[in-house]
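I opened my notebook to record what I looked up in this structure.

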Amino acid sequence: RGSGTEGGGGGMPPFLNALKLPTAALVSLLTFGVVAIHSSGLTLSFPFVACVIIVGASFVPTRDRFLKAVDPAFEMIDGTKGKVDDKVKGCEDMAKGYVNDAEGAFNDAISPMKSKLDLATKAEAMLKRIDPSIDIPDLSDIERGFDGFEDQITNAFASLGGMLNIDQFIPYLFTSRFVMQLFVLYPFVLIFLILQIVVTLVATLFLFAGSATKANEWELISFALITYIIAATQVGLTFLLTSPAVIARQINGFLKKVTGKVNTSLDQATGPIFVTVFKDGFGGIRDQMLAIMSKIQKLEAPLAKVKLPGGLKLPAGLPGAAKITQNLQDKIPTKIPDNLPGVGGLKKFF
């Protein structure tokens, strides 16, 4: 992740801290210029030496700043992938939890009914004499009413795997750190390298046009300062282009696309199943239960009149059908629960 030239510095602002290495290179060049002025060979080579040293010194802080600035973006993208998986799994668990809660409420409701129905079955002949219209309900069909609900939910969420390809929404430059360096960092540095080479060639031609032995220290210093200014501009633009606002704009666009895709896919994959399970399925079970309750209510008065076979007695403390009906209406929902994420429901997670 770089050599760490950007960090530290005893509280020095990051930009100034990043200029430490290029500035040290400039000081070295100024010292070299004092020596080079006394040798025509060194004088002619000075622009090339300045170019190599300054370019090398500016690349390190440019690279370090770049990598440090974009790294949180990659971490956020990776974290978003995991967060989407977690929240979709949480939605699946929540839906299954409603099924399990409703099935538990159903079992609680039919448990006392079974005792009454067992007694009614044993005394069916006597009950028919009291009221020929009496119909002893069969609970077997309604007991199987919850079969398959959980599997339908599991299959619906399993189909989300093929629909939620989060990678397709990642900006190409953010697909990997290597791609980011290859198509952003290196071209950016190359532009300034070309500019440095142009300045070097111009400086060399200027020295060849005149007499290298007549060059003065200020001419060499000016070449060094020009290369330094270019390097400082390179570092400064790196800080500007990798500012949090610029990076955030790219990542927020990605998150917006991902959120919309997750919600749309979630609604497409699970919406029909939720309707089938919670609205149609639970609604059908509730209607069957209410019909059974109505039949059991008709059994209560005749059961109290008949002498049950074998000395059997109606158990005390059994809730009446009206009370069981009220409990059932309270516990088994017949619509899609409001807090199951649907379209737009996952946005709050980002």
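Which helix gives the most to the lining of the second largest pocket? I looked it up: α3 does, with six residues. Before going on, I noted that this is a predicted model, where local features need pLDDT of at least 70, side-chain atom pairs count only at pLDDT 80 or more, and totals for chains, interfaces and linings use all residues. Residues are numbered from 1 along each chain as its sequence is written, and side-chain values use heavy atoms, with hydrogens and water left out.

**Entry: second largest pocket.** I found about 160 Å³ of space in this pocket. A pocket here is an open set of points on a 1 Å grid over the protein atoms alone, where a 1.4 Å probe fits, with protein on both sides within 12 Å along at least five of seven lines; lining residues have an atom within 4 Å of a point. Among the lining residues I listed R65, K68, M76, T242 and I251. α3 and α10 each supply at least two residues. Helices are DSSP runs (H or I, at least four residues), numbered from the N terminus. By class, I read eight nonpolar, two polar and two charged residues in this lining.

**Entry: largest pocket.** I read a volume of about 270 Å³. α3 (40-122), α8, α9 (217-241) and α10 (244-305) each give two or more residues to the lining. The lining has 16 residues, and F66, M180, V184, L241 and T242 lie nearest the centre. The largest share comes from α8, with four residues.

**Entry: surface patch.** I then turned to the surface. Y172, L173, F178, L182, F183 and Y186 form a nonpolar patch there, with about 630 Å² of accessible area together. Patch residues have over 30% relative accessible area and no salt bridge, and nonpolar side chains are joined within 5 Å. A salt bridge is a side-chain nitrogen of Lys or Arg within 4 Å of a carboxyl oxygen of Asp or Glu. I placed F183 in helix α8 (residues 177-209).

Entry: Why is F183 called partly exposed? Its relative accessible area is 45%, and partly exposed lies between buried (under 20%) and exposed (over 50%), with a 1.4 Å probe and protein chains only. F106 lies in helix α3. F106 counts as buried because its relative accessibility is 1%. I also checked F106 against M289: they are 183 residues apart along the chain, and their C-alpha atoms are separated by 8.8 Å.

Definitions and conventions: Patch = residues over 30% accessible without salt bridge, like charges linked within 9 Å, V, L, I, M, F, W, Y side chains within 5 Å. Areas by Shrake-Rupley, 256 points an atom, 1.4 Å probe, with all protein chains shown as cover. Points joined across faces, edges and corners; volume = space filled by probe spheres on them. Nonpolar A, V, L, I, M, F, W, Y, C, P; charged D, E, K, R; others polar.
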